[in-house]
Amino acid sequence: MTHSGTTKPKGPIAAAPEKIPITLIVNGAEAKLSVAPWTTLLDALRDYLDLTGTKKGCDHGQCGACTVLVDGRRINSCLTLAVMKEGAEVTTVEGLARNGELHPLQQAFIDHDAFQCGYCTSGQICSAAGLIAEGKAKTADEIRELMSGNICRCGAYPNIVAAIQQAMGRS
Amino acid sequence: MIPFQYTRASDVADAIKQIAADPSAKFIAGGTNLLDLIKYDVATPTRLIDISRLPLGNVEETANGGVLIGALVPNTDLAYHPLIEARYPLLSRSILAGASQQLRNMASTGGNLVQRTRCFYFYDATTPCNKREPGSGCSAIDGINRINAILGTSQSCIATHPSDMCVALAVLEAIVHVTGPAGARTIALADFHRLPDNTPQIDTNLEPDEIITAIELPAKGFSTNYSYLKIRDRLSYAFALVSVAAALELDGDTIKEARVALGGVAHKPWRSPAAEVVLRGQRADASTFANAADILLRGARGFGHNDFKIGLARRAIVRTLSQAARGTPQSISDKKIR
């Protein structure tokens, strides 16, 4: 590595750093947890908060299955350290429904059969929620381009685009 | 991931103090490249210094008509900023051509500059790679090198810098503002990234204990005649095989000023002053553009799988300059290349 060659770690790496207490607002509720510094937001959600709707696909920011909204913006939770999001508002797929009613995107994905295996779906829906909030995509081409961070290996793309258009009120 | 310590920097001075005291530490801002490298055991910092909360998130006009972009402005915010969209649309388009919206929401402007030059072998810790482990050899030169460089290569490395944003910044002649223990200084974008030579492990001329604070854009934005064309193996969300940023100033059909840079073909954004000289004062037509392409690609060399990049780059340069001259920049979402 560029800057690391000459210096050895000061202490034994085995003396793992202590866990760091953090507070997140997850789906509107305060969540206090203690995590090791290298815990990703994805792992914190799944392993500490039991919110397993957010999926681990590639774990490298390439597939989008782990997409959640942080302070209203869609990000890859696999490439985010939980400790860096202290105080942030996190919305996962579990937090989209309101009063027992599916979010319009969830309903639209059902209406349009916008999945097959379903593994990418929670990421697709959270990403689409971010896309709608951004307000940049108007046409099908623009939806495709701005959803390109979400891979669907079943190839449900035409139905995903149709579902998003329905939720945008452009069906 | 390997275990590491985590601290936050309270201000720029504290960030510099912390990194100077611990050379095996790394700054983290967006983390989109660094955490990926840590997961692959390519980067092994013992401590991450979180700079993401430092007040470096503004975009403001400068006294000389340019724009100063804080190093922590997210890529998305920069691409959609009204000043950038209106005056530097080439920069806006180049940013939106890179990565995915999720990654652009996380990635910072400064971080985009210091993302590592890329090669599949660099990412595969089981293979020799001079960039990852100096002296171990280059697996790409005789390996699967479809994505690798054709210009400015050395015996030790043929990796490419993957940024789209930096290709536009090269054309716009951006200035990088950095601060270190010795104080603040500026680095021209052209001098920021390095060719591999015998030290491919060093991507940039930023010192290990320096931090990027801002990127400055000079006043000239080429907002009328520009285009960014990116050719890749997928229609979106893939690194460039070849990309071209072109900016022209025209007087009728005559080229007054011209700048061209290539991405995906070298260890840094690739510009050639000689290629721009042959454009100035000439008619903006395909034969003029072809002359410039020949000069830009002078010395280009393929390594087998990437031989196609030379011809592809030549055609892409002519096409992008034609789009710029017509005032019809390449669309981000309509994938047809006109």
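Colleague: Where is Leu96(A) found?
Modeller: Keep in mind that this is a predicted model. Leu96(A) is in the loop of chain A between β5 (89-91) and α2 (104-111).
Colleague: Does Leu96(A) count as buried or exposed, and why?
Modeller: Leu96(A) counts as buried because its relative accessibility is 7%, and the cut-off for buried is under 20%.
Colleague: And what does Leu96(A) touch, leaving out residues up to four places away in sequence?
Modeller: With those left out, Leu96(A) touches Thr91(A), His103(A), Gln106(A), Ile125(A) and Cys126(A).
Colleague: How is chain A divided into domains?
Modeller: Domain 1 of chain A covers 20-95 and domain 2 covers 104-167. Their C-alpha centres lie 21 Å apart. The contact takes 16 residues from domain 1 of chain A and 15 residues from domain 2 of chain A.
Colleague: What area is buried between domain 1 and domain 2 of chain A?
Modeller: About 1,200 Å², and carbon and sulfur atoms give 51% of that.
Colleague: Which three residues supply more than any other three of the area that domain 1 of chain A buries against domain 2?
Modeller: Thr67(A), Arg74(A) and Val93(A), which together supply 47% of what domain 1 of chain A buries there.
Colleague: How many salt bridges does the rule find across that interface of domain 1 and domain 2 of chain A?
Modeller: The rule finds 1 salt bridge across the interface. Arg74(A) turns up again in a salt bridge: its side chain meets that of Glu134(A), at 2.8 Å from N to O.
Colleague: OK, switching to chain B. What is the strand order in its open sheet of 3 strands?
Modeller: The order is β1-β3-β2 in chain B, with parallel pairing. At the edges sit β1 (5-8) and β2 (25-28) of chain B, each pairing on one side only. Neighbouring strands of this sheet are turned by 25° against each other on average, ignoring direction.
Colleague: Over how many bridges do β2(B) and β3 of chain B pair?
Modeller: Over 4 bridges, in the parallel sense, with β3 of chain B spanning residues 47-50. Ile28(B) stands opposite Asp50(B), which is in β3(B).
Colleague: Which strands does helix α1 of chain B lie across?
Modeller: Helix α1 (residues 12-21) of chain B lies across β1, β2 and β3 of that chain. Relative to β2(B), helix α1 of chain B runs at about 150°.
Colleague: Great, thanks, that's what I was after.

Conventions:
Residues numbered from 1 in each chain as written. Chains lettered and ligands numbered in written order. Predicted model: local features only at pLDDT ≥ 70, side-chain atom pairs only at ≥ 80, totals over all residues. Heavy atoms only, no water. Pairing = 2+ DSSP bridges. Helix = DSSP H or I, 4+ residues; strand = E, 2+ residues; numbered from the N terminus. Axes fitted to C-alpha atoms, helices over the stretch in contact; angles between N-to-C directions. Contact = heavy atoms within 4.5 Å. Buried < 20%, exposed > 50% of the residue type's maximum accessible area, 1.4 Å probe, protein only. Domains from an automatic or database assignment. Buried area = accessible area lost by both parts, 1.4 Å probe. Salt bridge = Lys/Arg side-chain N within 4 Å of Asp/Glu carboxyl O.
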